[in-house]
Amino acid sequence: MTKRPYFYFMESKEEITRLEIKTDPVAVRRQALWCGVKPGLRVLDAGCGPGKTTDILYKMIQPRGEILGVDYSEARIAYAQDRYGHVPNMDFLLGDLRDPLNGIGPFDLIWVRFVLEYNRNESASIVGNLTSFLKPDGCLCLMDLDNNSLTHYPLTTGTAEVLQAFVRRMEQDFDFDPFAGRKLYSYLYDLDFRDIQVEMAAHHLIYGDNMRKEERFNWMKKFEVILKKMPEVFDSYPGGIETFQEDISRFFKDPRRFAYTPLILCKGVKPRAGSSANR
Ligand SMILES: C[S@@+](CC[C@H](N)C(=O)[O-])C[C@H]1O[C@@H](n2cnc3c(N)ncnc32)[C@H](O)[C@@H]1O
């Protein structure tokens with residue numbers, strides 16, 4: 001099979017480290033409980049990154065559970081296999097969720113966290129693809145952020161304008177969706193999923209001195225990667241990129257600042273053949 005070209009907006013040689021550091025096991029377990037992850041299930045971790053979430057979910061589905069992690073990054077799949085994959089019933093597969101990926105199903109539950117946002121133009125077709133890997137009555141769980149990078153206060157006018165410009169460029173030129181969260185419900189609705197439920201949580205909720213060092217690392221790394229991808233956004237920023245980085249770093253250190261990012265969780269049960277609950 002020929003590999004489709006892909007562009008992953010956050011790609012950098014430190015992406016494995018960023019994902020390992022920023023993934024909060026307590027939050028993942030809370031989200032997974034809401035999704036109905038429990039012992040004995042066969043689960044697909046779609047867009048598994050370096051396998052940290054796969055490992056957390058694996059422990060929650062024991063005894064007798066099985067999990068497959070799929071990602072289109074060779075580096076992240078190799079790392080996941082090496083770091084987490086030496087246990088029975090956990091496998092990793094190099095694959096693109098935009099492709100049919102024949103023969104990997106069926107699954108009781110498919111977990112898709114922070115993946116559709118990197119596939120703005122193909123999110124709906126990926127969700128359709130994933131649905132075909134679910135058992136009848138299987139559960140599809142979609143999780144993405146909304147208003148990504150836009151919810152910081154107080155910002156100077158210049159900083160706010162730069163963030164708005166980022167977001168526009170992410171959407172137009174990098175297939176990234178800063179508003180992916182609000183779209184999840186419609187994907188399941190359009191495919192006639194049953195018992196659709198939506199939950200909203202704060203992925204980031206930062207004020208006073210409560211910013212974890214992992215969160216600070218993640219934000220600064222995010223900006224570092226983004227800045228390299230669209231340096232022209234800073235042409236009109238007084239002092240250019242370096243000053244922007246200093247300003248944003250000062251913002252995160254200021255105990256008066258307030259920042260949040262909504263995480264939308266959406267789950268539904270696969271419709272039986274021939275049913276059309278939502279039309
Ligand atoms: C931000 S990471 C999220 C990792 C993990 N799901 C989590 O919640 O921490 C996004 C991952 O999705 C993968 N990804 C994005 N689009 C993909 C696609 N079309 N097919 C396979 N993997 C994809 C990327 O390579 C990356 O490892």
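Biologist: Aspartate 192 is found in the loop between helix H7 (184-190) and strand E7 (194-207). What makes a run a helix or a strand here?

Modeller: Both are DSSP runs, numbered from the N terminus: a helix is H or I with at least four residues, and a strand is E with at least two. The protein chain has nine helices and eight strands. This is a predicted model, where local features need pLDDT of at least 70, side-chain atom pairs count only at pLDDT 80 or more, and totals for chains, interfaces and linings use all residues. Residues are numbered from 1 along each chain as its sequence is written, and side-chain values use heavy atoms, with hydrogens and water left out.

Biologist: Why is aspartate 192 called buried?

Modeller: Buried means under 20% relative accessible area, exposed means over 50%, and partly exposed lies in between (1.4 Å probe, protein chains only). Aspartate 192 has 8%, so it is buried.

Biologist: What else is in the loop between E3 and E4?

Modeller: Proline 106 is in that loop. A cis peptide bond joins glycine 105 to proline 106, with omega about -5 degrees. Another cis peptide bond joins tyrosine 153 and proline 154, again with omega about -5 degrees. Proline 154 lies between strand E6 (152-153) and helix H6 (157-173), in a loop.

Biologist: How do you know whether arginine 98 is buried or exposed?

Modeller: Arginine 98 has a relative accessible area of 17%, so it is buried. Its place is the loop between strand E3 (90-94) and strand E4 (107-113).

Biologist: What makes the pairing of arginine 98 with aspartate 96 a polar contact?

Modeller: A polar contact is a pair of N or O atoms within 3.5 Å; within protein, one must be able to donate a hydrogen and the other to accept it, and residues adjacent in sequence count only if both atoms are side-chain atoms. The side chains of arginine 98 and aspartate 96 make such a contact at 2.5 Å.

Biologist: Which residues of helix H5 are buried?

Modeller: Helix H5 (residues 123-131) buries Ser123, Ile126, Val127, Asn129, Leu130 and Thr131. These buried residues pack against strand E1 (42-46), E4, strand E5 (134-145) and H7.

Biologist: Why does leucine 142 count as buried?

Modeller: Leucine 142 has 0% relative accessibility, so it counts as buried. Its place is strand E5. Beyond its neighbours within four places in sequence, its contacts include Val127, Leu184 and Leu265. Leucine 142 and leucine 265 are 123 residues apart in sequence, yet 5.9 Å apart in space, C-alpha to C-alpha.

Biologist: What about isoleucine 104, buried or exposed?

Modeller: Isoleucine 104 has a relative accessible area of 9%, so it is buried. Leaving out residues up to four places away, it touches Arg42, Leu44, Leu68, Leu93 and Phe133. Isoleucine 104 and phenylalanine 133 are 29 residues apart in sequence and 7.1 Å apart in space, C-alpha to C-alpha.

Biologist: And why is proline 50 called buried?

Modeller: Proline 50 has 4% relative accessibility, so it counts as buried. It is in the loop between E1 and helix H3 (52-60).

Biologist: How do you know how the radius of gyration of the protein chain stands against a compact globule?

Modeller: The radius is taken over C-alpha atoms, and the globule rule is 2.2 Å times the number of residues to the power 0.38. For 279 residues a compact globule would have a radius near 19 Å; the protein chain has 19 Å, so the two agree. Buried residues make up 52% of the 279 residues. Among contacts between residues at least 6 apart in sequence, 79% join residues at least 24 apart.

Terms used: Contact = heavy atoms within 4.5 Å.
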